[in-house]
Structure formats: structure tokens, C-alpha cells
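Open your viewer and keep the selection tool at hand. We will go from the whole chain down to single side chains.

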Amino acid sequence: MQMPSKYDASQVETKWYNYWMKHNYFHSEPDEREPYTIVIPPPNVTGVLHMGHMLNNTIQDVLIRRARLQGKNACWVPGTDHASIATEAKVVAKLKEQGIDKNSLSREEFLKHAWDWTHEYGGVILEQLKKLGCSCDWDRTKFTMDDDMSEAVIKVFVDLHKKGLIYRGYRMVNWDPEAKTTLSDEEVIYEEKQGSLYYLNYKIEGSNDVLTIATTRPETIFGDTAICINPNDERFAHLKGKKAIVPICNQVIPIIEDTYVDVEFGTGCLKVTPAHDENDKVLGDKHNLEVIDIFNEDASLNSFGLHYQGKDRFVVRKEIVKELEENGVLVKTETHINKVGTSERTKAVIEPRLSDQWFLKMEELVKPAIEAVLGEDSEIKLFPKKFENTYRHWMENIRDWNISRQLLWGQQIPAYYYGDGKEDFVVAETLKDALELAKQKTNNQQLTTADLRQDTDALDTWFSSWLWPMSVFDGIRNPENDDIKYYYPTNDLVTGPDILFFWVARMIIAGYEYKGEKPFQNVYLTGLVRDKQRRKMSKSLGNSPDALKLIEEYSADGVRVGLLLSSAAGNDLMFDEALCQQGKGFGNKIWNAYRLVDGWEIDEIIPQPNSSKIALEWYESKFQKALVEIEDHFSKYRLSDALMAIYKLIYDDFCGWLLEMVKPAYQQPIDAVTYKAIISIFEENLKIVHPFMPFLTEDIWHYIAERTPEEALIVAKWPEAKPINEALITEFEFASEVISGIRNLRKQKNIAFKDAIGFSVINNEKSSTGFDDVIVKLGNLESINYVNEAVDGALTFRVKSNEYFIPMAGSIDVEAEIKKLTEELNYTEGFLKSVQKKLSNERFVAGAPEQVIANERNKEADALAKIETLKASLANLN
């Protein structure tokens with residue numbers, strides 16, 4: 001086939017992706033080979049491809065493609081997460097546009113809309129991953145709300161409940177007033193924000209006395225049920241046993257004593273609002289205080305808020321401060337920095353709220369997962385290792401997991417109520433099973449399914465994704481099936497450190513609970529993608545490039561290389577489009593290198609030159625040395641370093657040196673032995689580049705020769721390790737310096753490269769002569785003469801202690817060269833005088849900083865050395 005002069009990524013990418021799909025290379029079934037398995041961190045079904053996905057999935061694809069080349073049975077399972085909060089919010093917004101209120105719909109009606117939305121938009125991100133070249137096993141695509149996946153989630157809930165690990169509790173939870181659901185502690189982000197501290201006077205019942213409290217939340221006074229003082233605080237000893245009156249609502253509340261109160265904070269008096277603060281709830285339980293919840297589920301005030309009923313908490317805060325000021329209750333306001341919890345998903349300020357919720361006991365479940373990562377014989381390795389400290393912190397301070405969400409989209413909790421009491425429920429996988437259990441529990445055989453009502457809450461999304469490495473292989477429902485036995489535990493997990501606890505740690509917990517072993521061997525934690533100014537990429541900042549447009553402009557291969565060139569393991573990635581341009585340029589370099597080779601005429605008769613023979617031997621050793629380095633980088637998940645080693649090998653050693661050393665003279669043929677060797681080397685190069693640049697390499701592979709589907713690059717064999725001739729590598733390094741010396745002199749003296757020149761050497765280093773033929777060819781020398789004395793009237797340069805001579809006769813205009821060198825000598829001698837004048841000035845030497853003196857002495861030494869060289873050159877010319 002005729003190779004086009006330019007690489008057209010848009011056509012090539014579509015062609016080869018379709019080819020790979022047609023021949024089913026991505027699909028895996030259990031067989032006798034060693035499995036290599038990755039499960040994708042399932043992106044939200046609401047998602048579109050962004051830079052984080054691009055990085056994460058490029059890394060996974062590199063690992064999968066390399067495993068395939070190594071002869072492993074590579075299986076990369078793709079899929080999406082139903083993302084209950086995010087998806088429900090999108091569906092609610094869409095319904096709103098259509099004039100439909102979510103609350104006017106039944107559960108079934110709402111779920112129909114949610115499924116319609118999912119079917120319409122849910123596959124977008126997976127289709128976009130194909131553009132990047134991701135070789136996922138699309139036949140195995142899973143969605144966390146698929147029937148089989150949901151069954152597994154329900155099965156696990158029922159099992160954990162039977163084991164006494166899931167319980168229902170009335171607790172203070174994190175309430176997201178925008179999504180109108182609880183969140184686990186891990187889904188709350190605490191940010192330092194500047195607010196105000198308000199000092200309010202509360203009257204003491206039956207007297208004209210007042211006490212002052214300080215609060216950041218004056219709108220919660222309607223929920224105050226006590227004032228607390230420290231029993232050891234003498235300032236308030238006169239208030240013991242008395243009562244206070246809450247401003248505005250005039251509620252009479254007790255003054256209680258507890259050492260919990262910090263006498264240094266605020267005024268030393270604390271208002272206690274048990275329904276709206278976790279610590280206040282603890283105090284309230286201890287002192288049997290009334291609990292008054294003043295908020296609706298959207299954080300507007302309810303009837304306890306009196307004339308503020310129906311208004312948002314932050315609106316009330318502004319208005320109540322005004323009213324308190326007018327009533328003479330507000331003493332003063334101070335600026336105050338405090339930590340405010342916000343919802344990871346909706347960014348709404350979290351409201352502590354008392355609520356009946358479902359919890360999973362974590363204390364025992366977590367132990368094998370701690371041992372697996374942090375124990376002496378750790379089975380699971382985190383890369384980079386520094387994240388072990390984060391993991392330890394989370395796991396050793398774990399709290400029970402709030403697994404229920406007040407949402408419709410998600411797996412509905414399999415608890416069925418048969419009465420009005422809080423404990424009048426059974427937990428079962430199906431309604432039919434629930435009815436049998438309810439009959440047993442109530443001893444009432446007349447019960448029917450109509451008497452049962454299912455809990456309306458859904459399970460936390462993470463409660464389904466923590467089963468992902470098992471449930472994608474149906475390992476929960478059918479624990480002995482062929483897939484789970486073959487593919488589990490998986491090999492590598494690639495994800496972001498921000499979900500180390502949310503997802504990674506929980507998968508480890510679930511793996512030990514349900515399979516008795518680790519879910520994966522290695523966890524590679526990528527950094528966050530940031531812009532050149534180190535800002536996190538986000539839509540709001542407008543600094544996140546359109547992923548698909550990048551692919552369009554720089555090619556998928558160019559973007560993959562650009563991402564990995566800027567990404568060191570575990571460190572944040574400073575993304576710069578220039579790196580994608582560099583990636584594209586690298587692709588063009590490889591393309592043009594093959595076009596050069598493809599254009600050579602081959603002669604079966606002419607013998608192989610010695611220069612080509614040694615050049616090929618050198619590159620073989622250089623390639624093998626790079627292969628060892630690449631293997632080492634891969635073993636440590638340093639993919640950027642592996643890519644850089646490949647980049648240098650091909651750009652510098654292959655294109656920059658080897659092709660120059662073997663290419664035939666202008667309009668001359670190349671010998672067949674060398675040509676075949678170059679093609680073989682090119683193929684080996686393509687194999688190591690393929691995981692990073694799959695499209696370009698596959699395309700060139702098929703230009704090199706006609707291949708059957710069984711011979712495609714995607715299923716070729718990774719290069720084998722062979723012995724390395726270190727001496728040859730060292731000899732070439734020396735020879736390359738000699739070649740560079742010749743080229744520099746030619747350039748400086750305008751000696752045309754087409755003119756062959758004489759060349760002599762004093763071989764003080766006793767360096768090998770093995771590369772002499774290469775030096776002759778690349779320097780365009782007449783020959784190399786080994787001499788014992790300096791050659792008169794010659795240009796000279798040194799490499800280590802070897803001295804090299806290029807005769808001047810006929811090469812340059814001697815008169816012009818003498819004039820140029822004399823002018824340079826005069827200037828340098830003048831410069832030396834001015835420096836020495838400074839250094840002979842005692843006042844200057846005594847007063848100047850040490851560094852300045854050192855710089856001047858360096859200038860003196862450099863000038864003296866230059867003068868010596870210039871004088872020697874002039875002596876040779878005269």
C-alpha cells in the first residue's frame with residue numbers, strides 16, 4: 001500500500017477502532033492464559049468526558065494493552081454508576097422544565113422518567129471513551145442499576161442485616177437540604193469560611209439580670225432548650241438552678257451545668273439546641289432536654305420559627321439579627337472563622353438533623369481491610385505509598401456508615417413494615433420472602449402483601465459500587481461461577497485519591513467479607529488535573545478544555561502522550577496543551593521515520609557495510625537496556641517515566657542516530673540484510689509504543705506488511721529480553737561525542753558537509769576503533785589517521801584526553817580565519833585585563849560579597865583558558 005505523506009488521525013482512528021471491534025480483540029473469556037483484569041471506576045451515568053476521565057482511562061488502557069501484548073488474557077470491564085444524588089437532581093431539573101413537580105409523581109412514575117433519562121444520556125461517556133482508544137470489553141458493560149447488580153446489592157443488605165451489622169437508628173445525620181437526603185460523613189467537605197459571632201442577651205426569669213451567649217447561628221434560637229454553664233466557672237455561680245427566657249419566642253428554658261462548656265470560648269455560656277448540633281444532642285441526651293426541630297427538609301423554618309415560618313435559614317439569619325438588634329438583645333457582632341460542612345455533590349451547606357436512618361456497623365468489618373494494606377504482609381499495594389497514611393487515618397477513625405438516602409433513584413431498601421412501630425419490620429430479598437417472615441414474626445397467617453409497605457429510602461450509591469469488582473462478574477449471586485473464579489481478584493485499580501475512602505477502602509472491606517480475599521492487588525492513585533497556574537480544572541473556572549476537541553486537534557494518540565508526559569504518579573498533573581502538540585509531533589516523527597525507510601531501494605547483492613552492522617548491534621543493546629528501564633517503571637506504576645524512556649529511545653537513538661548511521665547515500669540502494677534488520681527493529685519499537693499510541697502504531701504496522709487479523713499489532717508479542725552489551729553502548733557514547741565535535745567544527749567554519757575532509761587523532765584514551773566506520777560515514781571523512789603528534793595547521797577539538805585534527809588546507813579561508821581569531825583574542829585579552837583590575841583593587845575585594853568575588857575569579861579562569869585555546873589555534877594556522 002502507498003503510504004500517505006501525512007498522517008490523518010481522524011480517518012485512521014475510526015478505521016482501526018472499527019477493525020479492533022470487528023475482530024473482538026477487547027473481549028475476554030476465561031481460558032488457560034494468565035488473566036489480567038481491571039474494572040473501570042464507573043463514571044456517573046450523568047457524566048461526559050473530562051480531563052480526569054481522560055487521564056484515568058488512558059492509564060488503564062496503557063496497562064491493558066501492554067498486558068495483551070505480554071500474552072495475558074486482558075479483561076477491562078467498563079460500566080457506569082447510577083449516581084443517585086446527581087442523577088435525581090438532573091431528572092428533577094428536566095421535569096421542572098416540563099412543568100412537572102417531582103412530589104406530584106408516584107415512585108413508579110418518577111423512576112420511569114429517571115430510566116428514560118438514563119437510556120437517553122447514560123451511554124454518552126462510554127462512547128466518548130472509544131474516541132480515546134479505550135480497549136474495554138464492551139460486551140461486559142455493566143450499570144449499577146442493572147437487575148443483576150441490584151439483586152446483588154439487596155442480597156448483601158439482607159445478609160449484613162442477618163449478621164446484625166445493619167441496624168436502624170435515630171441519629172444526628174448530615175442533611176443536604178438541596179438534595180433533601182442524608183449524606184455519609186465522607187460526603188461532607190469542610191471549608192473554612194468567614195462568618196459572624198453574635199452576642200445575645202437572654203433574660204433571667206424573675207429578675208432584671210441577663211446572661212450573654214455567643215452564637216454563629218442566631219436563627220436556631222427557636223430550638224434552644226437550655227443554657228449551659230461550666231460548674232467550675234465562678235462568674236455564673238449565681239445562675240445555678242435558675243431559668244432563662246429565649247428572645248423573640250419567650251420560651252423559658254433551664255440553666256444546666258456541664259464541664260463540656262469551654263470557659264474560654266465566647267462568653268463561657270452556651271445555648272443548647274439538641275436538634276441542630278451533634279454536641280448539643282449529646283448534652284441534651286445527658287440532661288434529658290426537649291428536642292425541638294425547627295427546620296423543614298429544605299432548611300426553611302417550620303411553625304416553631306413563628307413569623308419566620310417558610311423562610312430559608314440564611315434569609316432568616318439576616319432578618320432575625322435585625323429584629324434582635326431592634327429589641328436590644330444583640331450586644332455586639334464579631335468576625336469569626338469557622339468550618340462549614342458542604343455537600344460534596346450539591347455544594348449546599350449541610351444541616352445537622354435528627355433522623356431515623358439505616359447504618360452499617362464498621363468496627364469489625366474494617367479490620368481485614370486495615371491489615372490488607374497496612375499489615376506486615378500487606379496484600380494490597382498503594383502507589384504512591386504516601387497514601388497509606390491517608391488510608392490509615394480514615395480506617396482507624398471509622399464511624400458507622402449511614403447507608404440510607406431519601407431518594408427515589410437507587411436500590412430501594414428491602415425492609416418491609418407490617419405495623420406502625422419503629423421495629424415492626426422485616427428485611428428480605430423479595431416481597432414474597434418478606435410476607436413469610438412477617439407472618440412468622442407476628443404469628444398472623446392472615447397477613448397479605450397488601451399489609452406490607454416497603455421502606456421508601458434508597459441505598460447510598462457507594463453501597464452498590466463497593467461490590468463492583470465482584471458484582472460485575474456475578475460473584476455475589478453466583479459465588480462459584482467461572483468468571484469470578486478466573487478474573488477475581490483483579491490486578492490493578494486506577495483511580496483518584498479523592499475516593500480512596502469512599503470507594504477503594506469500601507471495596508477492600510466488601511472483598512474480604514464476601515470473597516475472603518483482596519479485590520485487587522495494586523491501587524494506582526492518579527493526581528488531579530490542574531491548569532498551568534495549578535488551579536483545579538472546573539467548568540466554573542472555564543479552564544477545562546473540551547476533551548473531544550483536544551482529540552480532534554491533536555489526535556487521540558497525541559492527547560494520550562500529552563496527558564502522560566505531564567503526569568507523575570500520585571502528583572497533580574499540570575496540563576498544558578503544548579504537551580499534546582509534543583505528543584502529536586512524536587507521532588509525526590515515527591510516521592516520517594517509516595516513510596523514510598519505506599522509500600529506500602533494496603539491493604539483495606551488495607554486502608552489508610561494517611558501519612551498519614555495528615550500528616544495528618549498538619541499537620539492539622540500547623533497546624534492551626531501555627526495555628529493562630521500562631519494565632522497572634511499569635512495576636512502580638511510573639507510566640510517565642516509562643513513556644519518556646520510550647520517547648528518548650525512538651526520538652534520539654532510533655531516529656536521531658540509527659537511521660542516520662544505516663541510511664544509504666543519496667540515490668543509492670540499501671543492502672537487504674540491513675533493511676530487514678531495520679524493519680524488524682521498527683516493529684519492536686512499534687510494540688513498545690503501542691500501549692501509549694495505539695492508532696498510529698497499528699496503522700504503520702499494516703503498512704510494513706500485509707497482516708491477517710491474527711497478526712495485528714494489538715495481539716502481537718511484547719519484545720523479549722536479551723543480553724545487553726554495555727561496552728558497545730559506552731563506546732558509542734564516546735563515538736557520538738567525536739561525531740558531534742566534527743559537525744560543530746564544520747558548522748563553525750562553514751565547511752560544506754558534502755566535502756569529505758581529512759581527520760587525524762591522538763588516541764590517548766586508547767578508545768575502541770569499533771565505531772570508526774560510523775564516524776567516517778557521519779562525519780563525511782576521507783579516513784581516520786591515528787598519529788602520535790599534533791598536526792600542524794589543523795583545526796582541533798578534544799573528547800576526554802583524545803585530540804582530533806581536521807586539516808585546514810582547502811577547507812577554509814585561512815586569512816579570514818586568522819583575522820577572526822586575532823580579533824577574538826584581542827577582545828578576550830582586554831576583558832581579562834578589566835577583570836584582573838577589579839580583583840587587584842583591595843577595596844573591592846574587601847567590600848564585595850563572597851559570591852561576587854567568586855564570579856569574578858571564574859571569569860578570570862574562563863578568559864585565561866580561552867586565550868590559551870585561541871593562541872594554539874592561531875599557531876596552527878601560521
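How many helices and strands does the chain have? Colour by secondary structure to see them: there are 27 helices and 31 strands. Keep in mind that this is a predicted model.

**Whole chain.** Zoom out. The C-alpha trace spans about 115 × 80 × 55 Å along its principal axes. The radius of gyration is 38 Å, while the globule rule gives 29 Å for 878 residues, so the chain is more spread out than a compact globule. Now show the surface. Its accessible area is about 41100 Å², and carbon and sulfur atoms hold 48% of that. Buried residues make up 53% of the chain.

**Aromatic pairs.** Next, select the aromatic rings. The whole structure holds 42 aromatic pairs. Start with Y167 and F359. Their ring centres are 5.6 Å apart and their planes meet at 20°; under 30 degrees counts as stacked, so this pair is stacked. Y167 belongs to strand 5 (residues 166-176) and F359 to strand 14 (residues 351-360), so the pair ties together parts 192 residues apart in sequence.

**A ring cluster.** Select Y594, W618, Y619, F623, F654, W657, F682, F732 and F771. Ring pairs link these residues into a cluster.

**Charges over rings.** Select R353 and W175. R353 lies over the face of W175, 4.5 Å from the ring centre. Then move to R506 and W401. Here R506 sits over the face of W401, at 3.9 Å from the ring centre.

Key:
Residues are numbered from 1 along each chain as its sequence is written. This is a predicted model: local features need pLDDT of at least 70, side-chain atom pairs count only at pLDDT 80 or more; totals for chains, interfaces and linings use all residues. Side-chain values use heavy atoms; hydrogens and water are left out. Rings of Phe, Tyr and Trp (its six-membered ring) pair if their centres lie within 6.5 Å; planes under 30 degrees apart count as stacked, over 60 as edge-to-face and the rest as tilted. Helices (H or I, at least four residues) and strands (E, at least two) are DSSP runs, numbered from the N terminus. A charge sits over a ring if NZ of Lys or CZ of Arg is within 6 Å of the ring centre and within 35 degrees of the ring normal. The radius of gyration is taken over C-alpha atoms; the globule rule is 2.2 Å times the number of residues to the power 0.38. Buried means under 20% relative accessible area, exposed over 50%, partly exposed in between (1.4 Å probe, protein chains only). Accessible areas come from the Shrake-Rupley method with a 1.4 Å probe; for residues, only the protein chains shown count as cover.
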